[in-house]
Amino acid sequence: MVDLTSHVALVTGAESGIGAACAVALAAAGADIAILYHRDRTAAERTLETVLGNGARGFVIQTDVTREDQVHHAFDQANATLGRPDILVNSAGLNQAGVPVADMTTEQWRRLIDTDLTGAFFFCRRFVRDLRDAGEPGRIVNISSIHQHVVRAGAADYAAAKAGLHKLTETLALECAPLKIKVNAVAPGMILTPMNAAAMGNPALMERDRADIPLGRPGTAEEVAGVVVFLASPEADYITGTTITIDGGLSLVLGQGA
């Protein structure tokens, strides 16, 4: 069993999906949790209830990850309430627009890049600065996607953001190695979360997507969270700059039959 007692984790996008599952799993391992959410406070409170039920401390705070001032406020509140975070999980994100580049508005492009990439940059930067000043080690886990490598028509905004997050992860790993801050990412494939609500509510679409996955099913947010807990733990002490793919083998067969 992973023991993260005495650690403090800050998790973005923790009101639902992968972010919520990560917050709960980290708390079950003993970490105290700063639960960051954007819109749905009720959902964030449900995450907090489960975190507290696992015996951890926690609090919720509304944060727009694209706003530097709100990022700093979230860290300041975490420091004051729980102590300095030494685990950061960047899970906040938006899905693709489903619009070709020729038809995509500048506003849509910036909205996706600002949320999925620049927001993670803001959080990583503040996290590293705080631990560097304190002379303490830490762990960053960025939630990327198999689409950091595999592109889809209508998803240039999403693929570009995740590809950028992939390179941000690798660059930070090099920069932070002397600081004993490990930086890794998790790249999920199809995971049953609200982001895949269309497939979840459409049996025919779900069956079509399921047929493309070698293991025959989508993954769960809890399965992704298990990998995140591992990367945040001492068991992963010699791992940095790595992306762990969790997709049931989907990325191995994309492009087959061409």
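Mentor: A cavity is a set of grid points where a 1.4 Å probe fits but cannot get out. The model is a predicted one, and it holds one cavity of 30 Å³ or more.

Trainee: What is the volume of the largest cavity, and which helix gives the largest share of its lining?

Mentor: The volume is about 60 Å³. Helix H4 gives the largest share of the lining, four residues, and H4 (106-134) and H5 each supply at least two.

Trainee: What makes Lys 162 a lining residue of this cavity?

Mentor: A lining residue has an atom within 4 Å of a cavity point, and Lys 162 is listed in the lining, as are Asp 116 and Leu 165, among others. By class, the lining has five nonpolar, five polar and two charged residues.

Trainee: Why is Gln 148 called buried?

Mentor: Buried means under 20% relative accessible area. Gln 148 has 8% relative accessibility and therefore counts as buried. Gln 148 is placed in the loop between strand E5 (138-143) and helix H5 (156-176). Leaving aside neighbours within four places in sequence, the contacts of Gln 148 include Lys 162 and Thr 243.

Trainee: How do you know that Gln 148 and Ser 144 make a polar contact?

Mentor: The cut-off for a pair of N or O atoms is 3.5 Å. The side chains of Gln 148 and Ser 144 make their polar contact at 2.5 Å, and those of Gln 148 and His 149 at 3.2 Å.

Trainee: What makes the pair Arg 126 and Asp 76 a salt bridge?

Mentor: The nitrogen must be within 4 Å of a carboxyl oxygen, and the N to O distance for Arg 126 and Asp 76 is 2.8 Å. Arg 126 lies in helix H4 and Asp 76 in helix H3, so the pair ties together parts that are 50 residues apart in sequence. Arg 126, at 11%, is buried, whereas Asp 76, at 39%, is partly exposed. Asp 76 and Arg 126 are also linked with Asp 130 in a network of salt bridges.

Trainee: How many salt bridges does a search of the whole structure find?

Mentor: The search finds eleven.

Key. Residues are numbered from 1 along each chain as its sequence is written. This is a predicted model: local features need pLDDT of at least 70, side-chain atom pairs count only at pLDDT 80 or more; totals for chains, interfaces and linings use all residues. Side-chain values use heavy atoms; hydrogens and water are left out. Buried means under 20% relative accessible area, exposed over 50%, partly exposed in between (1.4 Å probe, protein chains only). A polar contact is a pair of N or O atoms within 3.5 Å; within protein, one must be able to donate a hydrogen and the other to accept it, and residues adjacent in sequence count only if both atoms are side-chain atoms. Contact means heavy atoms within 4.5 Å. On a 1 Å grid over the protein atoms alone, a cavity is a set of points where a 1.4 Å probe fits but cannot get out, and a pocket is an open set with protein on both sides within 12 Å along at least five of seven lines; lining residues have an atom within 4 Å of a point. Grid points are joined across faces, edges and corners, and a volume is the space filled by probe spheres set on the points. Ala, Val, Leu, Ile, Met, Phe, Trp, Tyr, Cys and Pro count as nonpolar, Asp, Glu, Lys and Arg as charged, and the others, Gly among them, as polar. A salt bridge is a side-chain nitrogen of Lys or Arg within 4 Å of a carboxyl oxygen of Asp or Glu.
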